[in-house]
Amino acid sequence: MTQKPIGEAVAPSPWWSPARHADIRPFLAARSAITRAVRAWFDAQGFAEVETGILQVSPGNETHLHAPRTDLTRPNGGRATRYLRTSPEFACKKLLAAGEAKIFEFARVFRDRERGDLHLPEFTMLEWYRANAAYDAVMADSVVVIAHAAQATGIGRFSFRGRSADPFAEPELMTVAAAFERFAGIDLLATIAHGKGDRESLAAVARARVRITDDDTWSDMFSKVLVEHVEPNLGQGRLTVLFEYPVPEAALARAKPSDPRVAERFEIYACGVELANGFGELTDAREQRLRFSQAMDEKQRRYGERYPLDEDFLDAVAEMPEASGVALGFDRLVMLASGALRIDQVVWTPPAGDA
């Protein structure tokens, strides 16, 4: 029998080997329990579960999100470019325009250039919407859903990388401006004027906190401070709801009527991990087109690519009722609620090609 030389790496067992699968089976059982509990809660609240299409004309129009692309062959031999969605948001909002009032979806979504302990190129997004409801309604929903996940597994506290949080405690509420002041000593709102971020104003106060390059935009510097100084301090001991994002970071959220410098956008953190991202939804189609166009111009400048605008979606935005919605990273929630250390421990099959 031929022996392997000493020190030679041994290839890991395939993910479907019984012994390896048994190691993550408790996490998968927790995933099933959480799924049942969350579905039951939405059903009790009168939500309709929907299933929207994965192949889309546009995968989303955010500068730094990247989507896999495919070409379809029509029956007549013609070709059509489609994208694997980065979110079910466009389709769900079309359903709101169609008359649905309360919907949720366990959506399979896809993102290129993402892989790590908290990122997968294919993952599950739990997304839901309430027509004719302010965004604090889905903010409250999110806190309840997270608590139901913890209750389903019986875990008392979430733990991740030396941080812990009680999912049943009253959450901490903090504006983005307050967080920047507290953790970075930056008056963020002073760097916003006429709905835009003033690059030089932010650079003047941020360069003492983060490394800034000549190519960095206001949004780049905002993200660097957020990631390096703010996020690590969020969700410690209890959940943190970070809300009132600066309007340059509004994405698909509307500006706050009483303060146009900020948008009706929030994120929820536990143990420094972002779990949910929600909006008071923008229903101004012209403003949404402008934001998308600007984001695609920036994507073209940075990455040499741009995604088409979904004209059908923009038409639907104009017909949407006032609404609020939120996207929650379901795999991340399962990871925290099951006690797993990495996100790939809580999915039934790993990304194609992974060991």
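Predicted model: local features only at pLDDT ≥ 70, side-chain atom pairs only at ≥ 80, totals over all residues.
Residues are numbered from 1 along each chain as its sequence is written. Local features need pLDDT of at least 70 and side-chain atom pairs count only at pLDDT 80 or more, while totals for chains, interfaces and linings use all residues, and side-chain values use heavy atoms, with hydrogens and water left out.

**Exercise 1.** Determine where K93 lies and whether K93 is buried or exposed.

*Solution.* 
1. K93 belongs to helix α2, residues 89-98; helices are DSSP runs of H or I with at least four residues, strands are E runs of at least two, and both are numbered from the N terminus.
2. K93 counts as buried because its relative accessibility is 1%; buried means under 20% relative accessible area, exposed over 50%, and partly exposed in between, with a 1.4 Å probe and protein chains only.
3. The side chain of K93 makes a polar contact of 2.8 Å with the side chain of E89. Such a contact is a pair of N or O atoms within 3.5 Å; within protein, one must be able to donate a hydrogen and the other to accept it, and residues adjacent in sequence count only if both atoms are side-chain atoms.
4. An α-helix has 3.6 residues a turn, so residues three or four places apart point the same way.
5. Leaving aside residues up to four places away in sequence, K93 touches Y129, L252, E281, F313 and M320, where contact means heavy atoms within 4.5 Å.

**Exercise 2.** Identify the buried residues of α2 and what covers them.

*Solution.* 
1. The buried residues in α2 are E89, F90, A91, C92, K93 and L96.
2. Their cover includes strands β5 (102-110) and β6 (122-131), as well as helices α7 (285-303) and α8 (311-319).
3. After α2 comes G99, with a positive phi near 125°.

**Exercise 3.** Describe the aromatic pairs formed by F42 and by F90.

*Solution.* 
1. The whole structure holds 14 aromatic pairs. Rings of Phe, Tyr and Trp (its six-membered ring) pair if their centres lie within 6.5 Å; planes under 30 degrees apart are stacked, over 60 edge-to-face, and the rest tilted.
2. F42 and W128 are edge-to-face, at 5.2 Å centre to centre and 65° between the planes. This pair links helix α1 (residues 18-44) with strand β6, 86 residues apart.
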